[in-house]
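Subject: Structure handover

Hello,

Here is the structure you were waiting for. Please open it alongside this note.

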Amino acid sequence: LLAEHSHYSTMRSTMLVAFSALVGVSALANPAISRVASSRLTARVSTMATMSTKDIVDTAVGAGSFGTLVAAVGAAGLVDTLKSAGPFTVFAPTDAAFAALPAGTVENLLKPENKDQLVAILTYHVLSGKVMAETAVTLGGKEVATVNGKSLMITVAGGAGGGVKVDAANVVTTDIECSNGVIHVIDAVIIPK
């Protein structure tokens, strides 16, 4: 595992250096590319390259669009689990997805007396193992077991190149790699049946 991690770290570093060099060459070849644009691109690639060295929780915190999910994971006592070796696949609802729930739902779920229900909902968003988008599209029309113990349905619209749904939620961003798995962003909170 350490050798594999070292390989990915080396690969990320090589990609960053190669991209930085490409940006630098482009700036020399085309004076229209400003120094500011070049440094912004390099900083963005650097952030993306180091993202996979963070675990699922730290990646979600750093993204800035999963505040409600992170708070819920904390209230459910699942932080240590999602920081463990895994690997896990997390279908992560955004803050907007939580905001779309009926008024008072999130506040009610975060109450200590509703911890079991919150754990059930959150673990329904998690698969054991690392399932990248390339594999997920091959699961279209199939039920997949979650950490919760119940299965969710993966649907692929228009074949392997179409949009992917997890139950009724659309997958809007895929393959956010983490040190202990992968995050796929979804636009709705999925509730186990």
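Below are notes on its cavities, its cores and its salt bridges.

This is a predicted model: local features need pLDDT of at least 70, side-chain atom pairs count only at pLDDT 80 or more, and totals for chains, interfaces and linings use all residues. Numbering starts from 1 along each chain as its sequence is written, and side-chain values use heavy atoms, with hydrogens and water left out.

**Cavities**

The whole structure holds 3 cavities of 30 Å³ or more. A cavity is a set of points, on a 1 Å grid over the protein atoms alone, where a 1.4 Å probe fits but cannot get out; lining residues have an atom within 4 Å of a point. Helix H3 (56–63), helix H4 (67–75) and strand E1 (88–93) each supply at least two lining residues. Helices (H or I, at least four residues) and strands (E, at least two) are DSSP runs, numbered from the N terminus.

**Cores**

A nonpolar core is a set of buried Ala, Val, Leu, Ile, Met, Phe, Trp, Tyr and Cys residues joined through side-chain atoms within 4.5 Å. Buried means under 20% relative accessible area, exposed over 50%, partly exposed in between (1.4 Å probe, protein chains only). The largest core has 26 residues; Leu 69, Val 90, Leu 122 and Ile 183 have the most contacts inside it. A second, separate core has 16 residues, including Phe 91 and Val 144.

Beyond its neighbours within four places in sequence, Leu 69 is in contact (heavy atoms within 4.5 Å) with Ala 92, Pro 93, Asp 95, Phe 98 and Leu 122.

**Salt bridges**

There are 3 salt bridges. The rule is a side-chain nitrogen of Lys or Arg within 4 Å of a carboxyl oxygen of Asp or Glu. Lys 83 meets Asp 55 at 2.8 Å, N to O. Lys 83 lies in helix H5 (residues 79–83) and Asp 55 in the loop between helix H2 (35–51) and H3, so this pair ties together parts 28 residues apart in sequence. Asp 55 is buried, at 10% relative accessibility, whereas Lys 83 is partly exposed, at 35%. Lys 83 also meets Asp 58 at 3.0 Å, N to O. Glu 177 and Lys 130 form a salt bridge at 2.9 Å, N to O.

Best wishes

Key: 1 Å grid on protein atoms, 1.4 Å probe; cavity = no way out; pocket = protein on both sides within 12 Å on 5 of 7 lines; lining within 4 Å. Points joined across faces, edges and corners; volume = space filled by probe spheres on them.
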